[in-house]
Amino acid sequence: MRRNIVAANWKMNKDVQESYDFTKSLSKKLLNLKRTHIILCPPFTSLFYISELLKNSSIALGGQNMHYEKSGAFTGEISASMLKSSGCDYVILGHSERRHVFNESNELIKKKIDTALSNDLKPIICVGEKLEERQSGKTSEVIRTQYSSAFIGISEQKINQCIIAYEPVWAIGTGITATPEQASEVQGVIRNLVSEQYNREIADSMPILYGGSVKSANAKSLIETENIDGFLVGGASLVVDHFFEIINVVEQFSIGQEK
């Protein structure tokens, strides 16, 4: 059985003190958490301090992005080893804002994925279509292209370290959420792509998250849908109580699944 995951992407929000206070407060609320895996992805400036706070905790830490080179003259960038030394086990790669605001290509994202895996970082690989691509019926084509570029040449051993997050670009930060049926359909496409490349067992064990205006109000209907294993949460992860409500929805669903 796949373990349900809830990851927080704080984007360019929260200074060091705010990050520390949030994490300390959330940690207290999660003392009895047993079935849901939590990943926090704060700004780079807060990673080390949160890592110190999370020692001996089940909450994991991730970076929001990274460069594919080991080191060098790349002003403003951060390397895989820097993330590792700051306490990270995960890194978000291919987020729609990196693709469409910073113009990162499939080829560049692929380089980052390979670097992450070779440095024992687990990539959270984001895929998703723009509104015009959905309206023109190209969703599956876009997802297949992004997936194929990301996973070419990745061994069965390495694929088990990956998480995929489906984030429809038209639903990120807009308040519009894909319906459970829309999300499940696309995430089913992704799972079938994994099965085609590897096998059904690997596909069934692959964590596939949904991201895009996830809130406590819609988390229950989404997590109960086939093929959704948790969430990559943006805006709703910035408020402790809101984020905890989403986590609790996933936790209660996980408990129900075991009965």
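Predicted model: local features only at pLDDT ≥ 70, side-chain atom pairs only at ≥ 80, totals over all residues.
I started by counting elements: the protein has 12 helices and eight strands. These are DSSP runs numbered from the N terminus, H or I of at least four residues for helices and E of at least two for strands. Next I looked up the radius of gyration: 17 Å, close to the 18 Å from the globule rule for 259 residues, so the protein is as compact as a globular protein of that length. That radius is taken over C-alpha atoms, and the rule is 2.2 Å times the number of residues to the power 0.38.

Residues are numbered from 1 along each chain as its sequence is written, and side-chain values use heavy atoms, with hydrogens and water left out.

I then checked the extent of the C-alpha trace, which spans about 50 × 45 × 35 Å along its principal axes. Of the 259 residues, 52% are buried (under 20% relative accessible area; exposed is over 50%, partly exposed in between, 1.4 Å probe, protein chains only).

For contacts (heavy atoms within 4.5 Å), I took those with a separation of 6 or more: 72% of them join residues 24 or more positions apart.

Last, the surface. The protein exposes about 12000 Å², and carbon and sulfur atoms supply 49% of that. Areas come from the Shrake-Rupley method with a 1.4 Å probe; for residues, only the protein chains shown count as cover.
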